[in-house]
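Hi,

Here is the structure I promised to pass on. Have a look at it first, and my notes on what turned up follow below.

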Amino acid sequence: LRRLRRVSAGGNRLETWPARLADCPRLAELALPANATAHVPPSVGRMRRLRALALDGNKIQQLPAELALLRRRLTRLGLVGNPLRTSPAAAADGDTAGLL
């Protein structure tokens, strides 16, 4: 897992992220669209090389504050089709309590 740079697992009905994803120090692209994921784990903040995160078409309502730790490096964030109660911009500022 230490050399893993890309993960694409769309349309697999995943309800949770594989726990070890945060332990992949070189992971730059994570694509988990069209699953059944309801939560983005706080461990996303440890994914320091992540540049692209595709979570379109899931069940995500709230983004973790830890997502703000990636705001300078993350160049693509896909959240279309999620019932978000917080805005991605608020999460990038570390304010995930703000309502849309």
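Asp23 and Arg46 pair up through their side chains in a salt bridge, at 3.3 Å from N to O. Asp23 sits in the loop between E1 and E2 and Arg46 in the loop between E2 and E3, so this pair ties together parts that are 23 residues apart in sequence. Asp23 is partly exposed, since its relative accessible area is 38%. Bear in mind throughout that this is a predicted model.

How many salt bridges does the structure hold? There are two. In the other one I'd point you to, the side chains of Glu29 and Arg6 meet at 3.6 Å, N to O. Here Glu29 belongs to strand E2 and Arg6 to strand E1, so the link is between parts 23 residues apart in sequence. Glu29 has a relative accessible area of 30%, so it counts as partly exposed, whereas Arg6, at 61%, counts as exposed. As background, side chains of opposite charge can pair when their charged atoms come close.

Now the sheet. Four strands make it up, in the order E1-E2-E3-E4, and it is open with parallel pairing. At the edges are strand E1 (6-8) and strand E4 (76-78), each of which pairs on one side only. From one strand to the next, the twist averages 5 degrees. Ala52 is the residue standing opposite Arg76 in E4.

Next, the nonpolar core. The largest one has 22 residues, and the members that touch the most others are Trp17, Leu30, Val44, Met47, Leu50 and Leu53. In soluble globular proteins, nonpolar side chains tend to be buried together.

You'll find Thr37 in the loop between strand E2 (29-31) and strand E3 (52-54). Again leaving out residues up to four places away in sequence, Thr37 touches Leu14, Glu15, Trp17, Asn58, Lys59 and Ile60.

Cheers

Key: Residues numbered from 1 in each chain as written. Predicted model: local features only at pLDDT ≥ 70, side-chain atom pairs only at ≥ 80, totals over all residues. Heavy atoms only, no water. Helix = DSSP H or I, 4+ residues; strand = E, 2+ residues; numbered from the N terminus. Contact = heavy atoms within 4.5 Å. Pairing = 2+ DSSP bridges. Axes fitted to C-alpha atoms, helices over the stretch in contact; angles between N-to-C directions. Core = buried A, V, L, I, M, F, W, Y, C linked by side-chain atoms within 4.5 Å. Buried < 20%, exposed > 50% of the residue type's maximum accessible area, 1.4 Å probe, protein only. Salt bridge = Lys/Arg side-chain N within 4 Å of Asp/Glu carboxyl O.
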